[in-house]
Amino acid sequence: MSSTLLEVTRASHEEVERLERLIVKDLQNEPANNKDRLFQSHRVRNMIENIIATTEKLVEIYEDKDNARKDEIAALGGQTATGTNVFSAFYDRLKEIREYHRRHPAARVVDANEDYEAMLKEEPVIEFTGEEAFGKYLDMHELYNQFNNLKFEKPIEYSTYLDIFSQPHNLPRKVKFTRQYREYMENLLEYLFYFFQRTEPLQDLDRILSKVTTEFEEQWENGMVQGWEKNVQENGHVPADHTVIDLDFYSTVEELKEVGPEKLKEALAALGLKSGGTIQQRAERLFLTKHTPLEKLDKKHFVKGSCASESNGGAVNSKEVVNSKEIALMETKMNKLCDLLDETIVRTKENVVKKQALTYDEMEAEREEEETQADTESDDEEQQIYNPLKLPMGWDGKPIPYWLYKLHGLGQELKCEICGNYSYWGRRAFERHFKEWRHQHGMRCLGIPNTKNFNEITSIEEAQELWKRIQARQGVNKWRPDLEEEYEDKEGNIYNKKTYTDLQRQGLI
């Protein structure tokens, strides 16, 4: 039954519309805490992804590259190779439907709304470490250890690392051209990207980073990327704090030798080339990279282990060559992610500093307190409110004061038979209900107008008796045109309608 292409199209449109309504319904509910907010955001994100997938399937159907949709529409209209036969197509379709129900006698209509409504109560699985506290803090201990292994003069504290990891422009250039730093930046960018996706699933991070990449390309061309500015001295030499040499400023090997043996050695090592030999050999080896790509250099110039395997013909693996532009782009993206996660970073720093001042027992007690608080927040809506007097709830979801309960007489129950024995608590609510829809509907069902005459009448029998008396009283005072309508003849005599009609019929007038 649902195997036809048109039925698949209809079902897909229905699914998209149902998911859109569910998204609106879910977003109308205000989350009670951060955990509920994350669950809601991930639910909405999952529904959006389902809509995108279904829409892509619909686009493919409407493109109809194989003409399957066109053929099916033609078949419904009875168009065949021999001509058009509407009745044949109709009975073929009827036969198919009967055959389906014969093979599936227990088939029934399934209400998909129940399954979709269950999605609003779903709690998506979101992976957080214990240190991250469900997205409240960052867990950067592995990255911190990796950062300390970048061969700095001395290791730094974790709290200090949280202050400087978002400032890569302050690091020495010689560290940035090592493979260890590139691996560190890749891991750092991957972690921040993944953390942001878990905590802000509704943000379009790909679009944000795409814009960052576009701006970076312009800044790179102008030499305005922070930490990678083209800051060169007037004599054409690289400043002392720059250990990597820009070969664009050197036209001969002799000019390159003026840099000095140590800087030549560091530049060669950063590129994975052999750094030994005389200053002339080092300069010649480095100068080769100005016009020749690294992947095309002879493998004899590279340090053992920096070349590709023999199966690749001994060529240098271009993926392992450290590219300054790639490093700068990763740093720029990382800075943008740090800006987006600024509040979380600050919160993490404060938490780390606070923990450093606590003993182990105090930390355990605080952790248990946080877990208890989280459980309390998540169970807030399910918690039963102490209400032994069964007082009505106020606008804030709590029982109203007892004095207000007594003032309005809310303990008095008044029933109305006309409203289907509905109970009204308090005199005020009872008097007001006579003008409300429930009582008006009951009166219409009895065929009685809901006027002031029937106020305070709650019994069906009493209302019907009163309506009969009103009708009888209206009968005495009823307008009777035969007796009360007046007519005047030519002589000015006044008659009622009945008398005037009789005289006219007898020809006396």
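H6 and H9 are roughly antiparallel to each other, a term used for angles over 145 degrees, while under 35 counts as roughly parallel, 65 to 115 as roughly perpendicular and the rest as oblique. Their packing angle is about 165 degrees, and their axes lie 10 Å apart. Here an axis is a line fitted to C-alpha atoms, for helices over the stretch in contact, and angles run from 0 to 180 degrees between N-to-C directions. The two helices, H6 and H9, cross in a left-handed way, that is, with the near helix turned anticlockwise from the far one by less than a right angle (clockwise would be right-handed). Helices (H or I, at least four residues) and strands (E, at least two) are DSSP runs, numbered from the N terminus.

Before we go on, please keep in mind that this is a predicted model, in which local features need pLDDT of at least 70 and side-chain atom pairs count only at pLDDT 80 or more, whereas totals for chains, interfaces and linings use all residues. Residues are numbered from 1 along each chain as its sequence is written, and side-chain values use heavy atoms, leaving out hydrogens and water.

Now to the aromatic rings. The structure holds 16 aromatic pairs. Rings of Phe, Tyr and Trp (its six-membered ring) pair if their centres lie within 6.5 Å; planes under 30 degrees apart count as stacked, over 60 as edge-to-face and the rest as tilted. One of the pairs is Phe128 with Phe195, edge-to-face at 6.5 Å centre to centre, with 80 degrees between the planes. This pair links distant parts of the chain, 67 residues apart: Phe128 is in the loop between helix H5 (112-119) and helix H6 (141-148), and Phe195 is in helix H9 (residues 179-199). Phe128 counts as buried because its relative accessibility is 18%, and Phe195 is buried at 0%; buried means under 20% relative accessible area, exposed over 50%, and partly exposed in between (1.4 Å probe, protein chains only). Phe195 also has Tyr137 at 9.9 Å, C-alpha to C-alpha, although 58 residues separate them in sequence.

Tyr181 and Tyr184 are three residues apart in helix H9, so about one helical turn separates them. Both of these tyrosines, Tyr181 and Tyr184, are buried. They belong to a cluster, linked by ring pairs, that also takes in Tyr144, Phe147, Tyr158, Tyr161 and Phe165.

The charged end of Lys35 sits over the ring of Phe134, 5.7 Å from its centre, where sitting over a ring requires NZ of Lys or CZ of Arg within 6 Å of the ring centre and within 35 degrees of the ring normal. Arg438 likewise has its charged end over the ring of Tyr422, 3.9 Å from the centre.

Another arginine, Arg173, is in helix H8 (residues 173-176). At 14% relative accessibility, Arg173 is buried. Its C-alpha atom is 8.7 Å from that of Trp228, 55 residues away along the chain.

Finally, a look at the backbone. Most residues other than glycine have a negative phi. Asn67 is not a glycine, yet has a positive phi of about 60 degrees. Asn67 sits in the loop between helix H2 (34-63) and helix H3 (68-76), and is partly exposed at 39% relative accessibility. Glu456 has a positive phi as well, near 75 degrees, and lies in the loop between helix H19 (437-446) and helix H20 (460-476).
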